[in-house]
Amino acid sequence: MKIIALAVLLAVGPVFGATNDLRQTVRQEAQKCADALLAGNYETVIGYTHPRIVQLMGGKGPMLDTLKRGTKDMAAKGVAIEKIAISVPLDPKTSDGLLYAMIPETMTIKAPGGTITKENMMVGLSYDSGKKWVFIDADALDRKSTRLNSSHLVI
């Protein structure tokens, strides 16, 4: 019986380790995206944004303008994102060659009346087995008008 338990541990250990490493990679990449947003490094944010979202916003130039204008408009109203904390994602899944993970996010926003804390989920997607990740705010997804498949985001 001990031999069977040891064999199971040896077989499952590398898989668990790989999943755990992948979860940490997704978390680190999502945090880099969040940190870039906080720092106003919108080029990096666009690089982490799903290409279909960038396309829907008119491309990189118009998206960059939108991000800058949105931040300026928020600041004029006394609103600013103070902190974005990315938690460890749920175990990544694969569907038709697409690797995806749900990533918990906590955003702290300063506003004239006080501080707001917003809990959210992001969807991390990788088309190359986890080497590069792009992200979508889960609040922006609508089940009726959005679906994911291995080749692209369909909106």
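Gln31 makes contacts with Ile84, Ala85 and Ile86, leaving out residues up to four places away in sequence. The residue sits in helix H1, which spans residues 2–39. Is Gln31 buried or exposed? Gln31 is buried, because its relative accessible area of 18% falls under the 20% cut-off.

The model is predicted. Mean pLDDT for the protein chain is 85. Of its residues, 79% reach 70 or more. Residues 5–17 are another matter: pLDDT stays under 50 there. For this stretch the model has one contact beyond four places in sequence. These residues fall within the range of H1, residues 2–39.

**Overall fold**

The protein chain has four helices and seven strands. From the N terminus, the order is α-α-α-α-β-β-β-β-β-β-β. The chain counts 155 residues, and 30% of them are buried. Among contacts with a separation of 6 or more, 50% link residues 24 or more positions apart. The accessible surface is about 9600 Å². Carbon and sulfur atoms hold 59% of that surface.

**Met63**

Met63 belongs to helix H4, residues 60–76. It is buried, with a relative accessible area of 4%. Which residues does Met63 contact, leaving aside neighbours within four places in sequence? They are Ile46, Thr49, Val54 and Met57. Tyr42 is 21 residues from Met63 in sequence. Their C-alpha atoms are 8.9 Å apart.

The two residues, side by side:

| Residue | Helix | Relative accessible area |
|---|---|---|
| Gln31 | H1 (residues 2–39) | 18% |
| Met63 | H4 (residues 60–76) | 4% |

**The largest pocket**

The largest pocket has a volume of about 880 Å³. It is lined by 32 residues, and those closest to its centre are Leu37, Val45, Leu67, Met107 and Asp137. Which element gives the most to this lining? That is H4, with seven residues. Several other elements each supply at least two lining residues. Among the helices, these include H1 and H2 (42–47). Among the strands, they include E1 (80–86), E3 (98–111), E4 (114–126) and E5 (134–137).

How does the lining of the largest pocket divide by class, and how many residues are nonpolar, polar and charged? It has 23 nonpolar, six polar and three charged residues. Asp137, one of the residues closest to the pocket centre, counts as charged. Leu37, Val45, Leu67 and Met107 are also among those closest to the centre, and they count as nonpolar.

Technical notes:
Residues numbered from 1 in each chain as written. Predicted model: local features only at pLDDT ≥ 70, side-chain atom pairs only at ≥ 80, totals over all residues. Heavy atoms only, no water. pLDDT = per-residue confidence, 0-100. Contact = heavy atoms within 4.5 Å. Buried < 20%, exposed > 50% of the residue type's maximum accessible area, 1.4 Å probe, protein only. Areas by Shrake-Rupley, 256 points an atom, 1.4 Å probe, with all protein chains shown as cover. 1 Å grid on protein atoms, 1.4 Å probe; cavity = no way out; pocket = protein on both sides within 12 Å on 5 of 7 lines; lining within 4 Å. Points joined across faces, edges and corners; volume = space filled by probe spheres on them.
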